[in-house]
Amino acid sequence: MSSENTMPASNPGERRALRFIIQASVFNGLMNGVFTIAPEMARQTLGAGKLEIGLLALLWPAGFMFAMYWTRLLQNLDNKSRLLLGISLLGRLPLMFCALFDTIWPMLGILAITVISQPAVVISQHALIQRYFSHARRSRVMSWSLAASTLTNMLGVLTFGILLDLNEQFYRLLLLVAGMAGMLEAFSLSRIQSLEPPTAMTMPRELHQGVSRFVLTPIWEFWAHMKRHPDFFRFERNFFIYGMGFMMLQPFVPIFLVNELKLSYTEIGLAKGTILQAAMILLYPFSGKLMERRNPIAFSALVFLGIAVFPTALILISLFKPEPVTWFVYGAYMLFAFPWTGVVLMWNMSSIYFARKQSVEPFSSAHVAMVGIRGMGALALSVVLTSILEPRQAFIMVLIFWLTASFGMLRHYRDSRSEWERFQEDEAPALPLDESKVPVLPSQRQGRIN
């Protein structure tokens, strides 16, 4: 068996990049472990209502709207280490101050600072993977990264649930852990380029022409980018439908688990942490290899159909209340893990796939910004839905969204299959570490959109 099939990195430069990407993923998993159990923590410990739960669940994705503006800073910045260092301090440090409060509203304000900075870390990671790894290795590198993050998330959620059952005031310690882990994640990514000459950050020219122009120009360029890449736009449209269902699910799951099923922190940690994440760790390598051999659009159609089993299971649990209900919840999360692994992998890799030989930043920015757009929509919608819908009704709506997204992806695959196969044949490997440069589109060099 060749080394390419057993090792995702084959030269010292790739191995160095892989080491820091995995390290960053470990800290990312620890930070996300806190956020995984945060809605239940807010509900049980801080007494948050349905509105606050909805805001907490959807504030994070809504922050991805700022991806369009981060791209303006990142796309001409070859060495991103200094920016990532700044984010580690200014974007993640405020999380630690949440430990000073015992109500949810001040925490939501502080969390907003963190979510504004998050898109820069995601876009930078995508650009680094595109730059330092060949096309043949990117899916496997991403699957290793996600497996490392998921393992830490799994252990974190289980541990955090046990701690909160022992003493609910441990939520303060968890928030300190989230802030420290977030800083170390951004710092680890900055180390990948620490040996390269630093590059000066060029402020977008629109900023010198007025704040309104700076605010509006990325929005115009976002839509112009979508028009220039209709295949990518169609993919994002179907992903948007899935994402609306996913975000609609977020406020209702903690309400269902805590209020209706009366699960403890430990039981919730086992379901959302140990069972779900352990299955995902085992499945990431398989999903990465499967995705390398499949059209990503067809892969998305398959996994969107697969995740529909989760709201279906929750609907049945709500209707029949089987005993012991905890074990049926565990079973629902186990079934969810199989297709959900593919969804997470596809979300992280899709912008790299569609960028092909072009710079990944505009694609990653548009992809991440779409999360923000649907997050803002779902944020406004949740204010209404959480007051008029019961969890079971919400789960039915989620099921409809996910089946619609799967059908849309299937139609897209039928229309674009031959074009994608031609790209697979023409794709060239990435350059070695010391020679690689992220490609820049002609329109970017000219400072305009054609």
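1. Basis. Residues are numbered from 1 along each chain as its sequence is written, and side-chain values use heavy atoms, with hydrogens and water left out. As the model is predicted, local features need pLDDT of at least 70 and side-chain atom pairs count only at pLDDT 80 or more, while totals for chains, interfaces and linings use all residues.

2. Helix H3. Helices here are DSSP runs (H or I, at least four residues), numbered from the N terminus. H3 covers residues 50-62 and reaches 18 Å from its first C-alpha to its last, close to the 18 Å expected; the expected span is 1.5 Å times one less than the number of residues. A kink of about 25° is centred on leucine 56, the bend being the angle between axes fitted to the seven residues ending there and the seven starting there. Eleven of the 13 residues of H3 are buried, so the helix is largely enclosed by the rest of the structure. Buried means under 20% relative accessible area, exposed over 50%, and partly exposed in between (1.4 Å probe, protein chains only). Among the buried residues of H3 are Glu52, Trp60 and Pro61.

3. Helix H14. The 31 residues of H14 (residues 325-355) should span 45 Å, and the end C-alpha atoms are 45 Å apart. H14 bends by about 45° at methionine 349. Because 25 of its 31 residues are buried, H14 is largely enclosed by the rest of the structure. Arginine 356, which follows H14, has a positive phi near 55°.

4. Proline 324 is found in the loop between helix H13 (309-320) and H14. The peptide bond from glutamate 323 to proline 324 is cis, with omega near -10°. Lysine 321 is also placed in the loop between H13 and H14; its phi is positive, near 45°, and at 34% relative accessibility it counts as partly exposed.

5. Lysine 262. This residue is in the loop between helix H10 (230-260) and helix H11 (265-292). Lysine 262 counts as exposed, at 62% relative accessibility.

6. Serine 406. Helix H16 (residues 391-426) holds serine 406, which is buried at 9% relative accessibility. Not counting residues up to four places away in sequence, serine 406 touches Ala301, Phe304 and Leu305, contact meaning heavy atoms within 4.5 Å.

Conventions
Helices (H or I, at least four residues) and strands (E, at least two) are DSSP runs, numbered from the N terminus.
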